[in-house]
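Welcome! Let's take a friendly walk through this structure, one feature at a time.

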Amino acid sequence: MANQWVNTDDHSGLEALERVQRSLTVNLIMAPRKHFTVCRCDEKHSDVADRNLEHNYSFFPVEDDNGERILGLYDAQRWFDSEAPENLIGDDFKKFSEDLVIGADASIIDFVKEADEHPTRLVVSRNGVAGLVSLSDMQLLPVRAALFTLITRLEMTMARRIKERFSDPKEWLVKLSEDRRARIEEQISKAKKVDQFVNEVEFSQLKDKSRIIVNERLIYGEESKKSLNKKFEKIRELRDDIAHANNYAASPSEARKTCSTVRSISGIIQSLSKPV
């Protein structure tokens, strides 16, 4: 009996994955407010830098004098490699604004898409600040699950576009190299013998699908084939990192690369989802 999840129609499967993605929200990875390490406006930069030597926190939430309200974020990473001045924090911090906040129910992917430009954000829920999320949180397991779901959505969207364009699977199979075509046909033959066949495109790999999508211009836009191929190469690298539990966000630079790749994936999904 063929697998019922794979055998679901494309639209239902994609909608199910989108629901999963929306359910993986920022509140799953945020540091709760009760765990905040804060600073206050009347403290000096140098004093905060001294007590930050052990942890090297990049940002501190700034509290009011009563410890009741969060006023904004203080950028402490500026002084990691230089001496902090004697000025007061109150004269130099990022005050509470839309750019500094994200909703607790926002999807993790929404956070990741902007995390290279907004690496630390206050998480708001109901009437106040509930937590803090930062670039380093991209290493947490819920983020990995969200990224895996996003890449799966991409592959399913690519497969749907290929099936829409080619009514006969032989028409897209001939677009692949002789070696890849032979391997896919062999897998299809084996699957049919043991009643595990669903449809031909399920036996193609991400690289196969991207080659067809790019070379046959099945994606909207004026972007060059070279540019699209580079994007798909980065996507495959991210997919492999996630599949093998490698550190796709082990450093700030790697995390920022992941943010850029996630934006590419989201853009490609959006383009491929437009009616033919």
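Predicted model: local features only at pLDDT ≥ 70, side-chain atom pairs only at ≥ 80, totals over all residues.

Start with helix α7 (residues 206-215) and α8, whose axes come within 10 Å and cross at roughly 165°. Angles over 145 degrees count as roughly antiparallel, so α7 is roughly antiparallel to α8. Their crossing is right-handed. On the α7 side the contact is made by L206, K207, S210, V214 and N215, and α8 brings K225, L228, N229, F232, I235, R236 and R239. By class, these residues divide into five nonpolar, three polar and four charged.

Now turn to α8 (residues 225-243) and its packing with helix α4 (residues 141-165): the angle is about 135° and the axes are 10 Å apart. That angle makes α4 oblique to α8. Here α4 passes α8 in a left-handed crossing. R144, L147, F148, I151, L154, E155 and M158 of α4 meet F232, I235, L238, R239, I242 and A243 of α8. This contact of α4 with α8 has ten nonpolar, no polar and three charged residues.

Where is there open space? The largest pocket holds about 590 Å³ of it. Of the 26 residues lining this pocket, Y57, S58, T120, S134 and S136 are the closest to its centre. The elements giving two or more residues to the lining are β3 (59-63), β8 (128-134) and α9 (252-272). Sorted by class, the lining has 13 nonpolar, eleven polar and two charged residues.

Technical notes
Residues numbered from 1 in each chain as written. Heavy atoms only, no water. 1 Å grid on protein atoms, 1.4 Å probe; cavity = no way out; pocket = protein on both sides within 12 Å on 5 of 7 lines; lining within 4 Å. Points joined across faces, edges and corners; volume = space filled by probe spheres on them. Helix = DSSP H or I, 4+ residues; strand = E, 2+ residues; numbered from the N terminus. Nonpolar A, V, L, I, M, F, W, Y, C, P; charged D, E, K, R; others polar. Axes fitted to C-alpha atoms, helices over the stretch in contact; angles between N-to-C directions. Parallel < 35°, antiparallel > 145°, perpendicular 65-115°, else oblique. Left-handed = near helix turned anticlockwise from the far one by under 90°. Contact = heavy atoms within 4.5 Å.
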